[in-house]
Amino acid sequence: MLITQITPVKGRFADIKTNLLRWLDTPIAQLVIVDYACPDETHKRIWDIPGGNDPRINVLHVGPEAAGPFYNHARARNIGSQAAKHPLLLFMDADIYVHKEMFELVDPIWEINSPDIITLFGKETLDQADS
């Protein structure tokens, strides 16, 4: 099961610092981070944090002129989707991570049913999970 994780961000570098190693500890084959005109310049800083040089990481930068005045989450996801190298896409916000065991639970669903879409929802963000 080859999975591309797509994480669009705007001003969430602190969350990426917290979650990057967690994401890379899962069986994802590619991690696409879409820096959507981040004021914190995530696209320049990611390489300096632990795990930032992992070859599975692909950082895309959408500059302020291309992004426009407002953050467009759907557009950022679509930009990330276009860079995906694998057929399964996992959309993950910067403040979310899933335990690697989740992949073990979902894998049989793909193997048996081959659905076009699996949707998983969580209820905890980092702030809730860490308190």
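Modeller: Buried means under 20% relative accessible area, exposed over 50%, and partly exposed in between, with a 1.4 Å probe and protein chains only. This is a predicted model, in which local features need pLDDT of at least 70, side-chain atom pairs count only at pLDDT 80 or more, and totals for chains, interfaces and linings use all residues. Residues are numbered from 1 along each chain as its sequence is written, and side-chain values use heavy atoms, with hydrogens and water left out.

Colleague: What makes Asp48 count as exposed?

Modeller: Asp48 has a relative accessibility of 67%. The cut-off for exposed is over 50%, so Asp48 counts as exposed. Asp48 lies in the loop between helix H2 (42–45) and strand S3. Helices (H or I, at least four residues) and strands (E, at least two) are DSSP runs, numbered from the N terminus.

Colleague: What makes you say that both faces of S1 are covered?

Modeller: On one side of S1, Ile3, Gln5, Thr7 and Val9 are buried, and on the other Thr4, Ile6 and Pro8 are buried. In total, seven of the seven residues of S1 are buried.

Colleague: How do you know that S1 and S2 pair?

Modeller: Two strands pair if DSSP finds at least two bridges between them. S1 and S2 run parallel and are joined by six bridges, so they pair. Four bridges join S1 to S4, also parallel. Gln5 has a bridge partner in S2, Leu31, and another in S4, Leu90.

Colleague: Which residues of helix H4 are buried?

Modeller: In H4 (residues 73–82) they are Ala76, Ile79 and Gly80.

Colleague: How do you know that they are on the same side of H4?

Modeller: They cover an arc of only 100 degrees around the axis, which puts them on the same side. The arc is taken from the directions from the helix axis to the C-beta atoms. Strands S1 (3–9), S2 (30–36) and S3 (57–62) are among what covers these buried residues.

Note on methods. Contact = heavy atoms within 4.5 Å.
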